[in-house]
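Look over the sequence and the structure before reading on.

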Amino acid sequence: MAPELKTAITNLYTTFAQYPFRPEIDGCPCCVTAQDQQKLSAKALNLMESEDLSHYSFKAMTTWGDVEDFKHFLPRLLDLSATTGLAYGYEVVLGKLEYAKWNEWEETEKDAIRAFLLAWW
């Protein structure tokens, strides 16, 4: 991994660390099972694998959780997108950024995302 990308990923985790994991994330009962919920709490964020977050990445904010939940998982979603890939693909995560109106977020958050995207590109 390029040093710039590694630094940008570390910065994502630092920047978004202010958004804690909520053990009870609201989800549509038709779309999100107890097993799905359990996957999100089974491992530390930086140890989660693609299979742990793939379902969440597709459902984030539309039928599972809110923007603050998404911000909690965002560093790992972007990390996996750049390093190993996600089952639903990076297009889903980038689309969720748009859905969450990331251009209206705090400057430090926007800067961290831009730095990551530039390093990844």
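Helix 1 and helix 6 cross in a left-handed way, meaning that the near helix is turned anticlockwise from the far one by less than a right angle (clockwise would be right-handed). Helices are DSSP runs of H or I with at least four residues, numbered from the N terminus. This is a predicted model: local features need pLDDT of at least 70, side-chain atom pairs count only at pLDDT 80 or more, and totals for chains, interfaces and linings use all residues. Residues are numbered from 1 along each chain as its sequence is written, and side-chain values use heavy atoms, without hydrogens and water.

**Helix 1 with helix 6**
- Helix 1 (residues 3-16) packs on helix 6 at about 160 degrees, with the axes 8 Å apart.
- Axes are lines fitted to C-alpha atoms, for helices over the stretch in contact, and angles run from 0 to 180 degrees between N-to-C directions.
- The two helices are therefore roughly antiparallel (over 145 degrees; under 35 is roughly parallel, 65 to 115 roughly perpendicular, the rest oblique).
- Residues of helix 1 in the contact (heavy atoms within 4.5 Å) include Leu-5, Ile-9 and Leu-12.
- Their partners in helix 6 include Ile-113, Phe-116 and Trp-120.
- By class, this contact has 11 nonpolar, 3 polar and 2 charged residues.
- Ala, Val, Leu, Ile, Met, Phe, Trp, Tyr, Cys and Pro count as nonpolar, Asp, Glu, Lys and Arg as charged, and the others, Gly among them, as polar.

**Helix 4 with helix 6**
- Helix 4 (residues 67-83) and helix 6 (residues 107-120) pack at about 10 degrees, their axes 11 Å apart.
- Helix 4 and helix 6 are therefore roughly parallel.
- Helix 4 brings Lys-71, Leu-74, Leu-78, Ser-81 and Ala-82, while helix 6 brings Glu-109, Ile-113, Phe-116 and Trp-120.

**Helix 3 with helix 5**
- The axes of helix 3 and helix 5 (residues 90-99) come within 9 Å and cross at roughly 40 degrees.
- Helix 3 and helix 5 are therefore oblique to each other.
- Their crossing is left-handed.
- Ser-57, Phe-58 and Lys-59 of helix 3 meet Val-92, Val-93 and Lys-96 of helix 5.

**Cavity**
- The whole structure holds 1 cavity of 30 Å³ or more.
- On a 1 Å grid over the protein atoms alone, a cavity is a set of points where a 1.4 Å probe fits but cannot get out, and lining residues have an atom within 4 Å of a point.
- The largest cavity has a volume of about 40 Å³, the space filled by probe spheres set on the points, which are joined across faces, edges and corners.
- Helix 3 gives the most to its lining, with 5 residues.
- The lining includes His-55, Tyr-56 and Trp-64.

Conventions
1 Å grid on protein atoms, 1.4 Å probe; cavity = no way out; pocket = protein on both sides within 12 Å on 5 of 7 lines; lining within 4 Å.
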